[in-house]
Amino acid sequence: MDTNEDSLHTGARLEGNGSVLNSNLFLEHVGEVSLTLNSDGLSWKLLESVHNEQDGLSCLGIKLISKSETEIKFSDMYALEFINWGLIHESVLSNPGGFLMRHETEMYRFTVHGVQRSKNRPSLLILAVYTFGHKDLQTCQMWVNQINALLKMESGRPQSLLVFVHPMSGKGNGCRTWQTVAPIFSYAKVKTKNQGYVIVTQRAGHAFEVMACISNEELNSYDGVIAVGGDGFFNEILNGLLSSRHKAPYPPAPADFVHSFGSNDSALVHDQNETDAETSCRNEDCSPLLSSSKSNPIGLSNLRTEEGSCDRDQDSKFSFPNEWFRFGIIPAGSTDAIVICSTGARDPITSALHIVLGKRLCLDIAQVVRWKATSTSKDVPIVRYAASFFGYGFYGDVIAESEKYRWMGPKRYDYAGTKVFLRHRSYEAEIACLEVKSEKMSLSSERLSGKRYGLWRLPKNPERVVCRANCNTCNTSRSCVSSSGPPGAPSSDPEEQRWLKSKGSFLSVGAAIISCRNERAPDGLVADAHLSDGFLHLILIKNCPHASYLWHLTQLARKGGNPLNFEFVEHYKTTAFTFTSSSDDSVWNLDGELFQAHKLSAQVFRGLVNLFASGPEYRSYDS
């Protein structure tokens, strides 16, 4: 080893109690740097800038931070690998001419894998790779050991995941999307590929079947389950998990909402040979997620839990909410509203990084119980769960109409939407929602006072409190949640319940659990809906002229629009509601899945599941 190598080796030192390590190393494409390790992460500074004042900037004699100073925190670091002997490419600024010159030197190397936030889009995460080198093997190994020791102290990072890939989601990009992000999981040493942890679905209902039948013991061996697909594919996996494990009372209902089962019975999925189009995914787009009983050998309602057609062990428990078990979604669908609302970006790399970094976010889930499929049918209650939105009328008709044009791919939704809009069909129905005393809707008070807004003159937006990372609304406990009931469920005392009713002719009835932001509706259906506040946003669109409804849809598609500020729009913030149709033709869109229901009730469970996400990051003028 020459003199220069000796000086580099002796530059490695531990300071104080061993919490800080400092050494001179070479950084790929940069040059020789002074690298420092502390309890927060790594920081480095180009050695030339230490002696060269021209590298930094000064103002009024005050030395500003050098442009060469950089750092990465352990919270933004997901992998470290030792890559042995090889070339390090240096970029050196020659002093005489000021020209950038490149040198290549062979040495031992290790690579740090981390993330950076996009400057223009704060929610977008970008891969960051830093390769450091040193000619002394022991110095490199010392750095690798020290960094690994501190990196292992990061809590919440997944070690083992069950991954489902929908090969036909979106434009058929499911497998290609997984291949793009798979190296991230490999670098992070997350078990996904060995021992069959990656399942490419082969048929309709495949993911539902696996999740419903998997033993609790095996489920407890995973840190979470990942869906590579759209919102509908995630809904299939969610229902597979919850249908056989989540035990809760049925939604509350007003006294005149008569059904054959008591509202306090446990919510169980029953076996029923149904012929309506409400089963699981066969859709190549998977957002919306559609199917029919003919093509689905395993319908959502075809799995017993009481008789135990799926041989799950009863000794191991898997309860909800479950703080350690999380869902992850890698977007590959047509809408991907849940991903956009929970991460702020419709980007597979960003979602994969949220997963390997162990981000955690609570998500409200709605329980939807169908009491009757038609007005004359005698059914046992069928339970479904929704994570983003479920709607009737216009929303259900678009999904049903789009089935006729499957050959068009995702474009069929635009075509079907246009046809349904021109049809302008309304439905007679009665809706009752549970009043929440702490939530006063400003629009309701304006309507009671007789105030109306014209078609071309809309009020300015009230101040919107949008959901974002570290959201105060989602993190604040709500006093109206019953301590004796399930998480997020409304009070079960009938004396404390007051039901608001609306009866008439409706173009659509929608219930938004989250804002449902997407590329077609940049602010979502309800801009200030939150991911985990324990509320449903019930949106009733009463029959109105074509022009008025078109203006409503135009406002919905415009960023900063006012889609709810019309006299034919009723907006209620609630925890539960009931619905009864006056016709037999009652088709709902439940997270993109067709669901026929003449009579149903619904309630929201606050923070029932957890996502690998941290919430969207917005600049002040974006929100």
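**Briefing: helix packing and a buried leucine**

The buried residues of helix 14 (residues 546-556) are covered by elements that include helix 10 (394-402), helix 11 (411-423), strand 19 (499-512), strand 20 (536-542) and strand 21 (569-574), where helices (H or I, at least four residues) and strands (E, at least two) are DSSP runs numbered from the N terminus. This is a predicted model, in which local features need pLDDT of at least 70 and side-chain atom pairs count only at pLDDT 80 or more, while totals for chains, interfaces and linings use all residues. Residues are numbered from 1 along each chain as its sequence is written, and side-chain values use heavy atoms, with hydrogens and water left out.

**Helix 14**
- Ser548, Tyr549, His552, Gln555 and Leu556 are the buried residues of helix 14, buried meaning under 20% relative accessible area, exposed over 50% and partly exposed in between (1.4 Å probe, protein chains only).
- Because they cover an arc of only 120° around the axis, these residues are on the same side of helix 14, the arc being that of the directions from the helix axis to the C-beta atoms.

**Leu27**
- Leu27, which lies in strand 2 (residues 20-27), counts as buried because its relative accessibility is 3%.
- Leaving aside neighbours within four places in sequence, Leu27 is in contact with Val33, Trp44, His89, Tyr130, Thr131 and Phe132, contact meaning heavy atoms within 4.5 Å.
- The C-alpha atoms of Leu27 and Phe110, which are 83 residues apart along the chain, are separated by 9.9 Å.
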